[in-house]
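Here are my notes on the model you sent over.

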Amino acid sequence: MASDEATLKGLNDLLDEFFGPTSNNDRKRQIEELLNNFGLQDGAWRQCIYFLTKSSNQYVQMYSFSIFENLINQRWHGLLGEDKQQIRKFLYNYMVNKYNAVPPFIRNKSIKSVVIIGRYDWPMFYPNFFSNIIKLLQNPDTSLVGVLALQMISEEFISPREDLSMQRRQELKESLLQHIPNALHILTELLTSISHKFKHIVSTVTPPPSPIQRSPYTTPNHSPIHRLTVPGSTTSPQKIEAVVMSAQSEELCIAIFDCLTQYISWLPLSRFITPSLVTKIFNYAEYGCNLAVMKGSDKVIGTKVGINAMSCINEILSKKFIPAEYESFLFQMFQQTFKLLQVMTSGSEGGVLKTVDESYIEKFTEYLSLFIGNHLRRFEPSDHFPTVELLYLFLKYTMQQNLPETFSSCLDIWIIFLDYLVDKVSSCITSNFKVAAMERYVACLQELLIEMLQKIQFQHNADWLDTVDMEKYDDDSETEWEKFISPCLEVIEKISQLLPEESFTQCSQIFKENLDVYFALSNVISNDCLTLPSSNECKTLHIRLLDLSTGFRIMGRLSGLFTDDVNFRNRYEQSEVLIGSLIQGAMFGGFYKTYQVKVQDESLRNDLIEVHAQAIASVQAYCHWLVKCQGAAQNNENGLQQFQSIVVSMLDTIHTLFSKEVPERISSAAAHLLVSITTTVRPSFFLRIEQGQKLFQAVEGGCKECSQTVQTLLYRALSNSLILTWNFLNDAQQEWESRSENHRNLINTLCKDISSINMAALLSNPAAKEQYKSTIKTICSILSDIVDAASSEGTKSRKIMFNSVHEYIDVFSHMLTAYITDTDVADKIMSFLLECLRSLRIQMGTVGVEKLVNTLLELLKRDQILYIIQSGNTSGINALSRFLKMLELIVQEHNPSFKTLLPNVISFCLNDILPILAEHNVPDLKMDLLELFHQLLLQNWRYFFKSNVLSKMNGEDQIQHEDQFLTILKAFGQPLMETEIELFKKSIQVLESINSKNRLYQKALFQTTMLSSFLQVLMNSLVTKSHNLLQEEIIQGVYSMVSTNFDAYFSQFIPSFLMNTGGLTDHQKSQLHANYKRHQDTPSFMTSLQQFIGDLRYLQIVNSSLPKGTITL
């Protein structure tokens, strides 16, 4: 006893010193080593029993339980039976008797220790384990311990560590499933008893209409959202109870719902989830939105309980639970949803919702998303469910949201419903059916539209919208405003698909009011100054301009109303007027140069810039409508003139906007509009009109002072106007020859600053080399974009492109000689050359491609590659990556003339790149090289396996270039021995792809030289779990490799594999081999292999936990 007391005192002192403020890191390491050595002693657990019995020091208690946990997890199988019994008894008694006297983290440690023992010993050696837990649940004094233990049982039994055999895991699950119904019944009773036990505060709400006998629907008058009532609700108010409970009961409830959520995550719900349990969970979910407030330290509101209950419901719905009595379940869910929505939207101006915890709102909104997303298609068609009334409540709930995030989440749910309704209406055959499908939703959708338009307008909702940040960008390069407004616009657009006339009328009316205010600024702009009489008028204008920006975006979104064949004809006049207004709006900013007028308030400057940019963007949205006009006017001279007039007007809005005085926000919008005009509309008169000619002149003038992004877009647009096929004209009318000449002039204009560069000066003069760096990078970036734009076009378009750029391919490939060590420039040059090879390699021909590749191969010698990789420069790595992609394009080419390049490509990859990458960790380049080898084998299989009559008779192709082929296969095998998971995955995918097309695994060469090595590596990765995220892919790969000869796998490879696997006895190896089921179908094979690996790892873990000398390995 004295010795135990002294040891306890010493332990107390050590732990207090370890966690004390005076102990340095060296001393802490010394103490840690002493504590670890003590825990490794045989019988240390006996002293831990004494420590836990006598000490109230939390450090001592935690340390003691850590020793017990290590003992149970690592050495339980080696303990004597009587020792196990003593430990079980002590830990269980400690858990039951001490749970109230120790902190929660110690309590949980004690529970977990008992549960882990149960994982090993129940039911054979610990038969009363689960019955003890049930008794704890049923005893009011220990029910919390029972619930916590029940949750840990789920965590430890269903997803156990690997110290259990596969058979034991299955046994545990089956045994647990037998006791689940009783456990869930007891949990339901516990919830019922708690709800009866505490004070209830009563309020009233109107109950939902009966889904069985639904009230007739009556269309409501439009009213502000806070006065929305549910149509057809004629039943009397009913009571809603809000509970006030003790802190102990709240803790128990939270634990119960956490426990239920854990079980629901894996249980087959249709067998175990009962209507009474769902009802009880919903009852508690109501506690999250009650308004009761009781003062007193021992009384708390059940908000946290409501949140956890709602999480439990969400877990049920996320499993897409479909019970046997689905109709009654859906009825129950619908009623509960209706009831909760009524509670949360009761009161004026969202009074109730403002008091509800944000976490609960988030959980409830998630619930609505799951309920509507999973079950809308089932309850909406039924007349027994008051869907419209539910939507009205949800509309109130949506508009009462206080935070942009939850409001956007509600909009996501509306989008689910609107998508469903659009699909439903679209599937109707006749217009009468469409009207019938829409009839009951018209009034609700009209209300939604009005509320959405008011929600996004500062004139109606300034206080709320002012809280939305418009300036700070997140990781996705979006502002909070953009995240808010985008789903709003999407909802409005989808409503317009269902209610086109109403939507256009409402939106255009608001838009016109704000546009008139904008046009009226012409009266107050003078001498480049915008002057307003007062600050109030500045504020009013600020609000109007913000709303006008939104209005332009809305009108752009409505372009879909005018583009299908029927709507184009029926709404032509309406669309023509709208387009005119949008163009006028875009012209106004350019005419008055609103982007540079002097203003009294700086915010107005930003507003004017944004309005101008959005006006231009809204015009861009109607380019597809303009193509319709172009097609309809082909045989109509007046129509063609009108079409040309609109295009000219569009160009008038933008051709003056490419200069340094114009903010990039505006010039970028103008450039995007020009790209759409030349890419989508493709007017054949573009070069003949003054505005088009001025745009070509702009690239020689002010455009050079614009950002590179704007310059790139402008050159792309002008290039497209010259190389893309004109709409509605035959080949003879395309004027290819003159356009080709103009395109050469355009490219020469772009490249004129480098045309006079002296290559010798670049190589010898560092100052000259530095001088041209920026110019070369800019020109290469723009050329890359222009060439890429032609990649999907026809032969004549690509021929024009090649004729314009072919001399610059030579120029830049030679420039690379000077800039090969300047990785930023080299990367841009390689990017351009890659685009040329990707888009124009047919036009370049074999000779041109070979010349380019050989030039690059001369530059990228092994020493140069090694220098780039060792420097770790990102641009240099990118340049090498682009060259590998060039080689990949060459090996993919089916043109026989390109096959002459294969030997040089293969030699470079195997002799220069591969050895360097084998010694350096550059995952991106390794990925590129694997893909290059992948395409090489896929597209050039006959380069390695020559097929002739004799080989076909023998059933095996003749191998050529065997050494190179094997080296490539070894390159696929190397990532399987490394830790980089993406490379591992890529290697398996490539092997599977090649095998699928060319039957790689059946080749005699693969089976005799590579199969065993690949299998060994893959099986080792399963045993060591080095790439556990790819377990399914690995097992599939093993199956594919052995499916050619299952007998050899089971009878030869597996014994050899086990022989070389450590940590097992000879008998265990024999048993593993004997127990490995010889399934050959894919699912069964995968299951049996998982069981084989699981049992192997289990035996290794058990063996490692046994005392030395127990077994002979």
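The points below go through those topics in turn.

1. First, keep in mind that this is a predicted model.

2. Take C428, which is in no disulfide: its nearest cysteine sulfur belongs to C444 and sits 18 Å away. The cut-off for a disulfide is 2.5 Å between the sulfurs. C428 counts as buried, because its relative accessibility is 16% and the limit for buried is under 20%. Another cysteine, C909, is buried too, with a relative accessible area of 0%.

3. Now the charged pairs. A search of the whole structure turns up 40 salt bridges. One of them joins the side chains of K851 and D810, at 3.8 Å from N to O. For scale, the cut-off is within 4 Å. K851 belongs to helix α38 (residues 823-859) and D810 to helix α37 (residues 795-819), so this pair links distant parts of the chain, 41 residues apart. Both ends are partly exposed: K851 has a relative accessible area of 46%, and D810 comes in at 30%.

4. Next, D928 and K885, whose closest N and O atoms are 3.1 Å apart in a salt bridge. What does this pair tie together? D928 is in helix α42 (residues 923-939) and K885 is in helix α40 (residues 874-892), so the bridge connects parts 43 residues apart in sequence. The two ends are classed as follows: D928 is buried at 13% relative accessible area, while K885 is partly exposed at 29%.

5. Helix α42 also carries E931. The side chain of E931 meets that of K986 in a salt bridge of 2.4 Å, N to O. K986 lies in helix α46 (residues 981-998), so this pair ties together parts that are 55 residues apart in sequence. Are these two residues buried or exposed? Both E931 and K986 are buried.

6. Last one: some salt bridges share partners, and in that way D474, D476, E478 and K483 are joined into one network.

Notes. Residues numbered from 1 in each chain as written. Predicted model: local features only at pLDDT ≥ 70, side-chain atom pairs only at ≥ 80, totals over all residues. Heavy atoms only, no water. Buried < 20%, exposed > 50% of the residue type's maximum accessible area, 1.4 Å probe, protein only. Helix = DSSP H or I, 4+ residues; strand = E, 2+ residues; numbered from the N terminus.
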